[in-house]
Amino acid sequence: MPAAFIGHGSPMNALEENRYTTAWQAFGRSVPRPKAILVVSAHWYINATAVTAMPRPRTIHDFYGFPRELFEVQYPAPGLPELVDEVSEAVKPTWVGADADSWGIDHGSWSVLRHAFPLADIPVVQLSINADKDLDHHFDLGTKLAALRAGGVLVLGSGNVVHNLGGVDPSRPDSGFDWAQRFDESAKDVLLHDPAAVTRLQGHRDYRTAAPTPDHFIPLLYLAGLAAASGGGTEVLVDGYAYGALSMTAYTLGAVCPGADEGTGPAAGLPDGVPADATNT
């Protein structure tokens, strides 16, 4: 089963048609039907490693300052509680908790999935990001999830390679600051040619500016781990920048997505948690 990392950007991408959402749609059309989709979302960043285990996960609207239409979006995909055991077996000896009621499907997941898999008929399970663990730990978990790919599970990381909300500039809707471009290009070189070196990016001169908190960067490590386990590199699905301080770059592993980077226009709306009247800081 193919795998991917998606730069999800603004929650408004859930409602819009632009070249990023067009690429996500192309990815969804390109893959065989998964048994389930396991999402590592930047927005489930907690002090534990857990997997959602409810049969009907709720749609979580974990943002503010956006139109009511966005809060009305539902993604009623089923869960797959038994996938907890498969994840636990794959990542041993890491302990994995089963979350039966506290989480669900957050916007890091559904803003992408409603484009890639609009019927919401494939089970969706989320794997939390353990905030207590270092980058090497997350990369290692990514390599171990290769067993799930072999069993028909699509592993999807959702975050942003560059994600600095404090640097957001609404006057630059589709461009990136120099530091954002430098870091994104360095990450691209690693993902395409040497995924096993991905954790070295924390030594990059722009890392702390590009990822002042690691939550949106860490999902990339899971795809890099899968790529390293397969002995190959990834491919760029689509790339670009939003509001100076976000990278929208997305990568795939083992997928062929003809015409993925078609369409025009920047990502819509403002990033996660930035009200419409926000100004650059």
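Biologist: Leaving aside its neighbours within four places in sequence, which residues is His-115 in contact with?

Modeller: Contact means heavy atoms within 4.5 Å. By that rule, His-115 touches Asn-13, Ala-14, Leu-15, Glu-16, Glu-17, Thr-21, Trp-24 and Gln-25. Please note that this is a predicted model, in which local features need pLDDT of at least 70 and side-chain atom pairs count only at pLDDT 80 or more, while totals for chains, interfaces and linings use all residues. Residues are numbered from 1 along each chain as its sequence is written, and side-chain values use heavy atoms, with hydrogens and water left out.

Biologist: Is His-115 buried or exposed?

Modeller: Buried means under 20% relative accessible area, exposed over 50%, and partly exposed in between, with a 1.4 Å probe and protein chains only. His-115 has a relative accessible area of 9%, so this residue is buried.

Biologist: Which backbone oxygen does the side chain of His-115 reach at 3.5 Å?

Modeller: A polar contact is a pair of N or O atoms within 3.5 Å; within protein, one must be able to donate a hydrogen and the other to accept it, and residues adjacent in sequence count only if both atoms are side-chain atoms. The oxygen at 3.5 Å belongs to the backbone of Glu-16. A polar atom of the His-115 side chain also lies 3.3 Å from the backbone oxygen of Ala-14.

Biologist: In which helix is the place of His-115?

Modeller: His-115 is in helix H4. Helices (H or I, at least four residues) and strands (E, at least two) are DSSP runs, numbered from the N terminus.

Biologist: At what angle do the axes of H1 and H4 cross?

Modeller: Two packed helices are described by the angle between their axes and the distance between the axes. Axes are lines fitted to C-alpha atoms, for helices over the stretch in contact, and angles run from 0 to 180 degrees between N-to-C directions. Here the axes of H1 (residues 19–30) and H4 (residues 107–116) cross at roughly 65 degrees and come within 7 Å. On the H1 side, the contact is made by Thr-21, Trp-24, Gln-25 and Gly-28; H4 supplies Ser-111, Val-112, His-115 and Ala-116.

Biologist: What is the order of the strands in the open sheet?

Modeller: Two strands pair if DSSP finds at least two bridges between them. The six strands follow the order E8-E2-E10-E1-E14-E11, with mixed pairing. The edges are E8 (124–126) and E11 (235–238), each pairing on one side only. H1 packs on this sheet, touching E1, E10 (153–159), E11 and E14.
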